[in-house]
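Could you walk me through the spaces inside this protein, and then show me a hairpin and a helix pair?

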Amino acid sequence: MKVVAILGGQWGDEGKGKVVDLLSDRFDVVARYHGGHNAGHTVKFGDRHFALHLLPSGIVRGRTGVIGPGVVVDPDALLSEIDTLRAAGIPVAENLLLSDRAHVILPWHRLLDAARERAAADAKIGTTLRGIGPAYESAAARQGIRVADLLRPEILARRVEALAAETGAVLAALGERDIPAPATVLESLTAAAARLAPHVTDTGQYLRKHLAAGGSLLGEGAHGAMLDLSAGTYPFVTSSTCTSAGLAAGLHISPRALDGSLVVLKAYTTRVGAGPFPTELLEATGEFLRERGNEYGTSTGRPRRTGWFDAVVARTSVALSGAEAIAITKLDVLDDLEEIPVCVGYRLDGKPLDTIPAVVEDTARLEPVYERLPGWKTRTTADPPPAASRYVRFLEEAAGARAVFISTGPRREETIRRPDSPFLANLPPPTPGRGPG
């Protein structure tokens with residue numbers, strides 16, 4: 001398999017960064033194909049710790065990192081991240097390609113994000129306030145500014161003026177008073193463009209040629225399938241396609257290029273922001289999972305809501321991406337529990353249900369049906385206790401795919417690998433990179 005997608009199978013924060021890092025040494029190129037810097041992917045090995053938001057996780061391994069046309073890019077956030085990795089000794093200059101067709105997040109988008117959340121009051125979605133949704137909205141309205149425009153000053157000025165007029169009226173109507181002037185934004189974009197220019201290219205053409213020549217590609221999803229704009233718990237979703245269906249469009253490659261998908265699932269479930277969460281725990285056990293699992297957002301620091309593993313969510317996510325394999329993360333967080341419930345279905349108005357309703361108000365009323373498994377009350381290591389192994393098998397059967405990785409801690413080294421997995425056997429062999437790991 002030369003082209004593989006790594007997807008989240010819940011509401012994000014499943015540990016995709018670690019899984020991408022584990023597989024990056026088998027691929028020439030690692031590419032982000034959707035989302036923005038609201039995603040937070042963490043890579044840990046030895047005493048090194050990297051929190052990535054726009055840069056593909058494989059860049060830490062010295063792989064070529066591609067930010068595809070399906071991503072929305074905040075230039076200042078990207079430059080800050082580049083500077084951080086360079087200071088840590090990561091060779092970014094020669095390894096990063098930025099799509100000339102990716103859309104740009106501007107200050108007006110961030111202000112719109114915040115103003116709409118304020119206006120929604122108790123009905124707010126709980127966005128990261130980074131301007132992601134409004135940037136995708138500008139793109140869909142054909143009012144957006146793309147990375148290529150940053151390199152054409154005379155065109156950029158016109159586009160900035162037009163977008164300022166479009167968004168300024170909405171911001172004023174929402175009561176925003178401190179609206180940046182177009183000239184100020186233009187000056188900032190011009191400075192950012194000078195630094196980003198060496199990375200900018202037609203990444204779609206680059207990837208198509210790369211694959212035609214026999215190269216390999218790992219697609220890095222930014223969010224979980226339940227945040228997918230179409231398939232997720234709408235409207236409490238993100239603004240892009242989070243399943244493997246978005247890979248081809250988000251990278252400008254053929255859909256036929258995708259050879260396989262791997263869905264990442266946490267051994268329990270978390271969610272950030274508002275929206276229905278059928279297995280949410282609102283008492284001491286939920287707080288225990290939050291503290292034991294360090295469930296705070298990589299990008300925002302917000303505390304995550306916690307709950308039991310939801311098999312309906314897991315098998316839906318696996319089916320949406322046609323995934324042949326899963327990875328289970330944070331199994332060690334459950335080490336001290338006497339009993340571990342797993343949601344195997346729902347009841348809605350007293351009737352059994354094995355799918356997620358289309359109407360979000362119905363999802364909020366779901367009653368989970370649990371099957372209770374024994375805990376193992378001991379530390380999970382490379383040789384897990386029998387009850388932990390049984391729990392993993394139960395999750396595999398529930399999700400409908402075999403686990404190729406089982407994470408027992410945050411670091412790369414704290415991972416149970418299953419080398420006998422057909423999924424891993426069909427990947428390109430590992431090769432050394434130029435990064436520190």
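By class, 6 nonpolar, 3 polar and 1 charged residues make up the lining of the largest cavity. Here Ala, Val, Leu, Ile, Met, Phe, Trp, Tyr, Cys and Pro count as nonpolar, Asp, Glu, Lys and Arg as charged, and the others, Gly among them, as polar. This is a predicted model, in which local features need pLDDT of at least 70 and side-chain atom pairs count only at pLDDT 80 or more, while totals for chains, interfaces and linings use all residues. Residues are numbered from 1 along each chain as its sequence is written, and side-chain values use heavy atoms, with hydrogens and water left out.

**The cavity**
- The structure holds 1 cavity of 30 Å³ or more, and the space in the largest cavity is about 30 Å³.
- On a 1 Å grid over the protein atoms alone, a cavity is a set of points where a 1.4 Å probe fits but cannot get out; a pocket is an open set with protein on both sides within 12 Å along at least five of seven lines; lining residues have an atom within 4 Å of a point.
- Grid points are joined across faces, edges and corners, and a volume is the space filled by probe spheres set on the points.
- Among the residues lining the largest cavity are Lys-18, Leu-22, Phe-405 and Thr-415.
- α1, β15 (325-329) and β19 (402-407) each give at least two residues to this lining; helices (H or I, at least four residues) and strands (E, at least two) are DSSP runs, numbered from the N terminus.

- The largest pocket has a volume of about 780 Å³.
- It is lined by 41 residues, and Asn-38, Thr-127, Thr-128, Val-237 and Thr-238 are the closest to its centre.
- Helix α4 supplies the largest share of that lining, 5 residues.
- The second largest pocket, with a volume of about 560 Å³, has 4 nonpolar, 13 polar and 10 charged residues in its lining.

**The hairpin**
- Strands β3 (residues 41-45) and β4 (residues 48-52) run antiparallel and are joined by 5 bridges; two strands pair if DSSP finds at least two bridges between them.
- His-41 sits opposite Leu-52 in β4.
- In the turn of this hairpin, which has 2 residues between its strands, Gly-46 has a positive phi of about 55°.
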